[in-house]
Amino acid sequence: RDVVSMAASAGKVKFCTDLEKSVLVENFEKRGWVRVDHEDAWNFYWSTVHTTRTVFSLETGYRLADDQVINHFPNHYELTRKDLMVKNIKRYRKDLEKEGSPLAERDETGRYVHLDFVPLTFVLPADYNIFVEEFRKNPSSPWIMKPTGKAQGVGIFLVNKLSQIKKWSRDGRGGVPVHVSGKDSYIIQRYLEDPLLIGGKKFDLRLYVLVTSYRPLKAYMYRLGFCRFCTVKYNSSMSEMENMFVHLTNVSIQKHGEEYNDSHGGKWSIHNLKMFLEGTRGKEANDKLWDEIHWSIVHSLKAVQPVMASDRHCFECYGYDIMIDRALKPWLIEVNASPSLTSTTAADRVMKYSLISDIMNIVVPGGDIPDVKWNKVPAKEALGNFDVLYDEELERLGHLSDDSRDGKSRGGAASGRGQAFRDGRKPTTIWK
């Protein structure tokens, strides 16, 4: 590189990325940042999870400097791999129970009152015998099988007979059920038979959550998520069990359906969903639903907090997938470490460009060369379309919002959560 170009880029943020996505590159270049190769001295790296693994591997012995940030935590998979997320949430509930925390309260059936936000899930083959016990309580009810390490609906299918699992086990394992490695293992999850339908169709929510630190936990919720709809009307009959256009909302699957619409891409904004729910179910029911969604996200993050490597060079934007049942109860289905930045429609592109821009304003304040020693408390005007979902540090310092002080803080009594804190501890969340 010649001396002139070196001088021109001096003092500018040097970025690199493994992803040739215009919503990324245009955002970085708009800030006057200079693109470099991953072997050069970089300040900001938007990488794949594979690259992050390499950067933090013991073999490479790579030490990040104070002016370098990267977009994944080293062991993000504790949250983003389906089996590990469930394992961590189960452990979190048990730990709270041991502590005698009111958060771990159970009802007379043994169901967690405050922490029942993940459908009943088992890991196969390890939990097979426990699963069979549960299955036999409601024989022929549907379950959904998913490979733990794949995305975009790959390898997912529904079952309602034990014989189907035995057949899958034999077919996929050369005739005999064997213990498989983590890469090949599956989870089996109780299928939500009564999803909320709009226009007769099943949908889920894709919500974006930015985490800038795990210890202390700092999380932000993006306002501009969306709903993803199936292209075929929902039908719970056994004859439709193999029709993934009825059951799976993944755009990567639905875009191949005959009914797929290119102009809206089978997507609906969160704003539209809120308007619809307020109109059909009322404001109170809609507010309660969102309180519970926020609650489940915060506690999923708290569940992985003890095991997550909270490296100060890292931040991460997760794609949370949430389903809502007919009773307006939200269910956390999975969390994605690399939510898609591919745009299916013009509105989708605008939203994703805005998402990246707002992330940059929070994690690289002022677009200047990063300094990982900063306090990670962004100015209010830098939040854009993000809201503070939870800030453990501000909570500890007693910097509650005005709403929290005058009792308007959602996530308290509004969603039945206020009861959980009568032991004199402060509430676990700051809701905005």
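Guide: An open sheet of four strands runs in the order E2-E1-E3-E4, with parallel pairing. Its edge strands are E2 (34-35) and E4 (69-70), each of which pairs on one side only. This is a predicted model, where local features need pLDDT of at least 70, side-chain atom pairs count only at pLDDT 80 or more, and totals for chains, interfaces and linings use all residues. Residues are numbered from 1 along each chain as its sequence is written, and side-chain values use heavy atoms, with hydrogens and water left out.

Visitor: What are strands, and when do two strands pair?

Guide: Strands of a sheet pair through backbone hydrogen bonds, either parallel or antiparallel. Strands (E, at least two residues) and helices (H or I, at least four) are DSSP runs, numbered from the N terminus; two strands pair if DSSP finds at least two bridges between them. Here, strand E3 (residues 44-46) is joined to E4 by two bridges, and the two run parallel. Tyr45 has Ile70 in E4 as its bridge partner.

Visitor: Which helix lies across E1, E2 and E3?

Guide: That is helix H2 (residues 22-30), which runs at about 175° to strand E1 (14-17). Angles run from 0 to 180 degrees between N-to-C directions, and axes are lines fitted to C-alpha atoms, for helices over the stretch in contact. Contact means heavy atoms within 4.5 Å.

Visitor: Which open sheet has antiparallel pairing?

Guide: The open sheet of four strands in the order E5-E8-E6-E7 has antiparallel pairing. E5 and strand E7 (157-159) are the edge strands, each pairing on one side only. From one strand to the next, the twist averages 30°. Strand E6 (residues 143-147) and strand E8 (residues 186-190) run antiparallel and are joined by five bridges. Pro147 stands opposite Tyr186 in E8. Helix H6 packs on the sheet, touching E5, E6 and E8, and its direction makes about 140° with that of E5. H5 also lies across E5, E6 and E8, running at about 130° to E5.

Visitor: How many salt bridges does the structure hold?

Guide: A salt bridge is a side-chain nitrogen of Lys or Arg within 4 Å of a carboxyl oxygen of Asp or Glu. The structure holds 21 of them. One joins the side chains of Arg91 and Asp95 (3.5 Å, N to O). Because Arg91 and Asp95 are four residues apart in helix H5, about one helical turn separates them.

Visitor: What lines the second largest pocket?

Guide: Rolling a probe the size of a water molecule over the atoms shows where empty space is left. On a 1 Å grid over the protein atoms alone, a pocket is an open set of points where a 1.4 Å probe fits, with protein on both sides within 12 Å along at least five of seven lines; lining residues have an atom within 4 Å of a point. The second largest pocket is lined by 20 residues, with Arg93, Arg111, Tyr112, Asp116 and Leu120 nearest its centre. Helix H5 (residues 82-98) gives the most to this lining, with five residues.

Visitor: Where are the cis peptide bonds?

Guide: Most residues other than glycine have a negative phi, and most peptide bonds are trans. A cis bond joins Leu124 and Pro125, with omega about 10°. Pro125 sits in the loop between strand E5 (121-124) and helix H6 (128-135). Arg215 and Pro216 are also joined by a cis peptide bond, with omega about 0°.
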